[in-house]
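Q: Please take a close look at one part of this model: the open sheet and the aromatic contacts that go with its strands and loops. How is that part put together?

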Amino acid sequence: MPEPRGSRQRTDTCGALRRGDAGREVVLLGWVDSVRDHGGLLFADIRDRYGVTQAVFNPESAPEAFGAAKALRPEYVVAVQGRALLRAPGNVNSALPTGEIEVQAARLEVLNVSETLPFPLSDEAGVAEEVRLRHRYLDLRRPRLQRILEVRHRVLLAARRYLDGHSFLEVETPILTRSTPEGSREYLVPSRVNPGRFYSLPQSPQIFKQLLMVAGCDRYFQIAKCFRDEDLRADRQPEFTQIDIEISFPEVQALCTLIEGLMEEIFRAAGQRLQGPYPRLTFREALDRFGTDKPDTRFGAEIRDLTGALAASPLRVFADTARQGGAIKALLVPGGGAWSRQRIDNLVDAARGLGSKGLIWIKSTGGTVQSSVLKHLTEEGCRAVLRDLQADPDDLALLVADRWKRACEILGALRLQIARSEKWIDDNGHRLLWVHEFPLFEHSEEEGRLVSCHHPFTSPHPDDADRLETSPEEVRALAYDLVLNGMEVGGGSIRIHRSDLQSRVFRVLGIGREEAESKFGFLLTALGMGAPPHGGIALGVDRILAILTRCASIRDVIAFPKTTSGIDLMTGAPSSVSERQLRDLSIRVEVGEPRRAPVE
């Protein structure tokens with residue numbers, strides 16, 4: 001078969017040549033990164049995803065190649081043939097791995113030209129994200145994003161090798177499946193051959209991986225694409241990737257140890273280190289100490305409980321809160337006593353924005369106590385609070401009296417806000433931990449009923465199963481989240497493996513027998529045919545990679561991401577379709593008011 005015109009056989013990548021390659025004949029294929037005309041000689045840096053090599057065009061030794069090089073512009077695609085030579089000592093570029101070598105070009109062929117790019121490709125280029133996403137194929141040429149794609153590849157390859165080494169089978173599950181409630185909105189796909197019926201794109205392979213356990217698969221994993229039609233943020237996309245894992249006959253401690261080893265392997269593949277121990281916090285402990293079920297433990301400043309100490313306080317809000325079963329929580333800010341009143345007032349406003357009725361503050365400055373409640377609590381009362389918190393001179397105490405969960409969450413949010421502004425967080429360190437014993441159910445104000453905190457297939461804690469019908473909101477789940485640097489990067493649970501227990505959970509959720517049979521009859525039948533105990537976890541690939549590569553948004557670690565409004569600016573998706581297509585699908589479109597994308 002004849003070769004297409006302009007084809008060349010590459011001998012080396014643009015990042016491969018070193019001192020020992022001097023004297024070799026080479027062929028480089030790549031893009032022109034830059035061109036420098038020094039009068040008698042012309043220099044061009046040739047770039048591919050492996051690196052950059054300098055090519056030299058000399059009018060005396062290769063006049064034809066020199067003439068062609070005069071027309072070169074950045075991002076032209078070229079083939080350069082020539083001899084690799086050592087650079088003169090004064091011309092060595094120590095910033096490049098190939099900096100001791102240059103290619104004395106004997107032949108140049110332009111394989112394609114390029115128009116002027118809409119933005120420069122240097123990493124330092126301050127280009128609007130909208131422009132970059134509209135030309136994502138150019139954005140991906142940037143060295144930083146090339147490195148991110150390589151890290152992603154190596155991480156997924158390492159995960160596959162690790163799980164294969166632990167007897168897991170990679171099994172693909174369907175993308176077109178039936179609608180099942182898992183807590184988020186689904187993408188629906190109309191069926192042309194079954195008018196009026198719809199497939200659903202999976203929010204996760206949850207049910208199928210459970211069925212694989214019933215099938216005796218024993219240990220399953222999948223690098224799975226998942227889809228959720230929900231409001232987007234920096235850490236969300238409508239389609240995302242997870243490392244999905246399920247095992248039969250699970251022991252939670254062993255499963256956690258397995259996943260910790262996987263995370264260590266992922267970090268090694270990215271050239272970083274993750275080292276235990278990895279704490280295990282209950283849901284209640286995480287909120288009590290850090291004000292969130294996704295605690296960032298790279299810094300201290302833990303939240304303290306002063307409910308007992310202040311239950312008999314002369315300050316009415318403290319006494320009333322304690323009497324009504326609420327909590328008085330406190331956060332100590334080292335050095336905050338030197339803060340201005342305006343800065344503290346800004347925190348008060350932030351607390352109100354988080355739903356607080358008020359933020360009480362006490363500070364000590366040069367031995368003098370100041371407080372927003374000084375006349376009610378008295379100076380001695382304020383000093384007592386500071387003593388209880390073991391405050392140093394010039395510290396600031398922030399207190400919230402409210403329902404337990406709300407008080408924790410408000411101070412948890414302020415703790416993070418202050419840590420970022422005060423630069424308490426060690427960006428070079430990584431902290432991994434587990435949170436477990438979540439509630440099985442929570443009350444949804446939007447839906448006016450109980451909903452699953454994770455999903456309806458999560459097993460209740462065996463010590464709480466007898467309270468499913470009588471006190472469902474007190475039932476704990478056999479669920480666990482993996483948290484890295486204050487971000488949830490994995491979530492899993494021990495599943496319900498008995499059909500009678502699954503039916504009870506459905507009833508608590510308001511899913512009656514007929515609805516359960518209609519939506520989940522196949523699962524209930526399978527659970528009644530020798531389903532083994534099983535459980536697993538799903539790890540968010542995009543979130544883990546964003547942390548590993550220090551990206552503020554997961555959009556930077558996805559090759560072709562969408563905006564916060566779910567739009568692909570490059571292709572224009574989602575797009576309108578023809579009336580004929582709609583007719584074929586038995587669909588009529590009525591467009592309502594557009595929804596506004598959330599602000600990040």
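A: This is a predicted model. Start at the bridge between Arg280 and its partner in S17, Trp434. S11 and S17 (residues 432-436) pair in the parallel sense, over three bridges.

Now widen the view. The open sheet has eight strands, ordered S6-S9-S10-S22-S21-S20-S17-S11, with mixed pairing. S6 (169-170) and S11 (280-282) are its edges; each has a single partner strand, so one side of each lacks a neighbour in the sheet. Helix H5 (residues 206-214) lies across S9 (219-227), S10 (239-248) and S22 (534-540). H5 runs at about 25° to S10.

Next, the rings. There are six aromatic pairs. In one of them, Phe283 and Phe438 have ring centres 5.4 Å apart and planes at 45°, so the pair is tilted. Phe283 belongs to helix H7 (residues 283-290), while Phe438 is in the loop between S17 and S18 (441-444). They are 155 residues apart in the chain. Both Phe283 and Phe438 are buried.

A second pair is Phe457 with Phe520. The ring centres of Phe457 and Phe520 are 5.7 Å apart and the planes stand at 75°, so this pair is edge-to-face. Phe457 sits in the loop between S19 (449-452) and S20 (479-484), and Phe520 in helix H15 (residues 513-527), 63 residues apart. Phe457 is buried, at a relative accessible area of 0%. Phe520 is buried too, at 0%. Phe457, Phe506 and Phe520 form one aromatic cluster.

Last, a charge over a ring. The charged end of Arg284 sits over the ring of Trp404, 3.9 Å from its centre.

Note on methods
Residues are numbered from 1 along each chain as its sequence is written. This is a predicted model: local features need pLDDT of at least 70, side-chain atom pairs count only at pLDDT 80 or more; totals for chains, interfaces and linings use all residues. Side-chain values use heavy atoms; hydrogens and water are left out. Two strands pair if DSSP finds at least two bridges between them. Helices (H or I, at least four residues) and strands (E, at least two) are DSSP runs, numbered from the N terminus. Contact means heavy atoms within 4.5 Å. Axes are lines fitted to C-alpha atoms, for helices over the stretch in contact, and angles run from 0 to 180 degrees between N-to-C directions. Rings of Phe, Tyr and Trp (its six-membered ring) pair if their centres lie within 6.5 Å; planes under 30 degrees apart count as stacked, over 60 as edge-to-face and the rest as tilted. Buried means under 20% relative accessible area, exposed over 50%, partly exposed in between (1.4 Å probe, protein chains only). A charge sits over a ring if NZ of Lys or CZ of Arg is within 6 Å of the ring centre and within 35 degrees of the ring normal.
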